[in-house]
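Please examine the sequence and the three-dimensional structure shown below. The paragraphs that follow lead through selected parts of it in turn.

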Amino acid sequence: MKSKIYVNEIGYRPDDKKVAVFCGKDAVKYKVFNEAGECVLEKMSQAGILNSATGDEEIKLDFSEVKENGTYTISVENEKSVTFSIQENIYDDVRKSLMRFFFLQRCGTELTKEYAGVYAHPACHNTKARIYGTDEFLEVNGGWHDAGDYGRYIVAAAVTLAALFHAIENDESLLKVDMQIPESGQAMPDILTEIRYELEWMLKMQDKATGKVYHKVTCANFCDFVMPEHETEELIICPFSLTATADFAACMAMAVKFYEPYDKAFADKMAKAAKRAYAVMREIQVPGGFLNPEGVVTGTYEDKNELDEQYWAAAEMYKAFGDELYKNEFENYVNQEVMHGYGWEDVASFGNLAYLSTSYPTDEKIADKLRNAMTEKADALMQKCNANSYEISFDENDYIWGSNMYIAENGSHLFDAYKITGEEKYLVAAKEHVHYIFGKNPCNVCFITGFGTNQVLNPHHRPSAATKQAMPGMLIGGPDSGLHDPDAVRDCMGLAPAKCYTDKLLSYSTNEVTIYWNSALLMLMAQVLN
Ligand code: G3I
Ligand code: 9MR
Ligand code: ZN
């Protein structure tokens, strides 16, 4: 039987706030025991509060006083939690594993046993790809497989890299992590080498003639649960899209400064690519945005609002190159209906960070407006945090496909307000979002494969399924009350929104993984746990 005390199963750093959750109505006595079996803390809780997202009354068990290194359990009545640790560098392993995931997702190249273990495979997806609707073929090898499937999508790639760049900016120690990749030990830090692997592929997805960027390259259909070299159907390059082209421009502009010190020619190539994409992005006007062309059924990353992508691109272009034109265009977008976020669909928050951190002149009124909007957003999230015992910024309507990405993203919005106001409460709240992902959640599972006591064993991820071994270091999508796949319907029908999660291979809407979910978590961890 799983314990009913929900705790960060990976553990805590000594000085962070530490709170477990227990379902119950009345106040309870709880105790914390160290590995020697000694009780190091005994306290009374407050009474439970009803949570509209779980349907449960929940009690907070605050044990922040326990700060000594060691392993512990918490007990309430006859219930005992899983064992967890307190230690300063407790997150090093999970951070590295989350980073190595990108290497393990490499497409178009052989992964050897030495670096990839059971996930080793020969080069995959290395035939030329057909440009949809034509007899033209293009070499677009490389990059990372997007997710549990083997598609490669520009929108997804760009936001992944943006989050990774922000992770590095917030925690420079990421540049020192030995990712145990074939290139480790070179002058370029491993994380930048890995990111470059994706950038090189993205550059191939830009049309040489026009500067427009293709939306994705995938087969027409999703393949079976096989290793990537066995997906051998024809590769199809889907049409240009405004979102892909704008996100591409933003991402390339961001990348320039990271590579300048190591490879000036590569940095210049990206600067040029960014400018070309930005210049033409608005020409790609398809009513309603990108949709799959006939015969192709893989991921769409469809987006009804394409303004936030342009907003983000304008901001990054200005930050990178300082041209007045980009500034004017950005400031013009500020007055329009843009969607703020750090996810694949709504990206304007990346634009805010770019405008607020550029060394070129900015308009103070606009900067103030952005800071106010960011703080307001965080305040709305804080209200939700205060309304439930998990202290996360979710109510019953927030459990959608990829909810764990929104958990991470909200943590980053709270962190933004901390940076703007200096108020500690935002930082403390942001950290609870990491604790939730690591096990303090009503699904009672650590949402990173390979970590924690209650592990995810059957992720919707083809290499994991083909090897019958969950690849470690993947952030799982998490509860989705929309019940978007048959397994979710069968296992979660009638459950409260926060519990609509099932550890089944076929549950792609709750149990898949993606590059941009890992990166969102790495960004938040770099912000609040460095
Ligand atoms: O935005 C609306 C929100 O306003 C509404 O309240 C809510 C209620 O359901 O839905 C929200 O939209 C959801 C959207 O994700 C939010 O990001 C859609 O219902 C949901 O269907 C959509 O899911 C996306 C899914 O593809 C299907 O399109 C996921 O975000 C996205 O991560 C996922 O991406 C797939 C790729 O296509 C293929 N590769 C795997 C990858 C991960 O599953
Ligand atoms: O594996 C696919 C996953 O990456 C997608 O997110 C998901 C939704 O588009 O689709 C998965 O593929 C399934 C397909 O949609 C329906 N037939 C079964 C496929 C494997 O579960
Ligand atoms: Zn591949």
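In this predicted model, an oxygen atom of ligand 2 lies 2.7 Å from an N or O atom in the side chain of glutamate 512. Arginine 462 also approaches the ligand: an N or O atom of its side chain is 2.8 Å from an oxygen atom of ligand 2. For histidine 460, the corresponding distance from a polar side-chain atom to an oxygen atom of ligand 2 is 2.6 Å. Taken alone, ligand 2 exposes 450 Å², of which the protein buries 66%; accessible areas come from the Shrake-Rupley method with a 1.4 Å probe, and for residues only the protein chains shown count as cover. The residues around ligand 2 are Asp149, Phe222, Trp401, His460, Arg462, Tyr508 and Glu512, where a residue is near a molecule or strand if one of its heavy atoms lies within 4 Å of it.

Some conventions apply throughout: residues are numbered from 1 along each chain as its sequence is written, while chains are lettered from A and ligands numbered from 1 in the order in which they are written. Local features need pLDDT of at least 70 and side-chain atom pairs count only at pLDDT 80 or more, whereas totals for chains, interfaces and linings use all residues; side-chain values use heavy atoms, with hydrogens and water left out.

The next site holds a metal. Which residues coordinate the zinc ion (ligand 3)? They are Cys107 (SG), Cys124 (SG), His125 (ND1) and His145 (NE2), at 2.0 to 2.4 Å. Donors are N, O and S atoms within 2.8 Å of the metal (3.2 Å for Na, K and Ca); water is not among the atoms, so sites may look incomplete. Along the chain, the donors follow the spacing C-x16-C-H-x19-H. Cysteine 107 lies in the loop between helix 1 (92-104) and helix 2 (113-116), and histidine 125, 18 residues apart from it, in the loop between helix 2 and strand 11 (129-131). Helices (H or I, at least four residues) and strands (E, at least two) are DSSP runs, numbered from the N terminus. The arrangement around the zinc ion is tetrahedral because its 4 donor atoms subtend angles of 100 to 115 degrees; for four donors, that term requires all angles to lie between 85 and 135 degrees. Cysteine 107 counts as buried at 0% relative accessibility, and histidine 125 is buried with a relative accessible area of 6%. Buried means under 20% relative accessible area, exposed over 50%, and partly exposed in between (1.4 Å probe, protein chains only).

Two strands pair if DSSP finds at least two bridges between them. Strand 1 and strand 3 are joined by 2 bridges, with tyrosine 6 opposite valine 21. Strand 3 and strand 7 pair over 5 bridges, and cysteine 23 stands opposite glutamate 58 in strand 7. Strand 6 and strand 7 (residues 57-62) share 2 bridges; here leucine 50 stands opposite glutamate 57. In strand 3 (residues 19-23), 4 of the 5 residues are buried.

Methods
Four donors count as tetrahedral if all angles lie between 85 and 135 degrees; four count as square planar and six as octahedral if opposite donors are over 155 degrees apart and all others between 65 and 115; anything else is irregular. A polar contact is a pair of N or O atoms within 3.5 Å; within protein, one must be able to donate a hydrogen and the other to accept it, and residues adjacent in sequence count only if both atoms are side-chain atoms.
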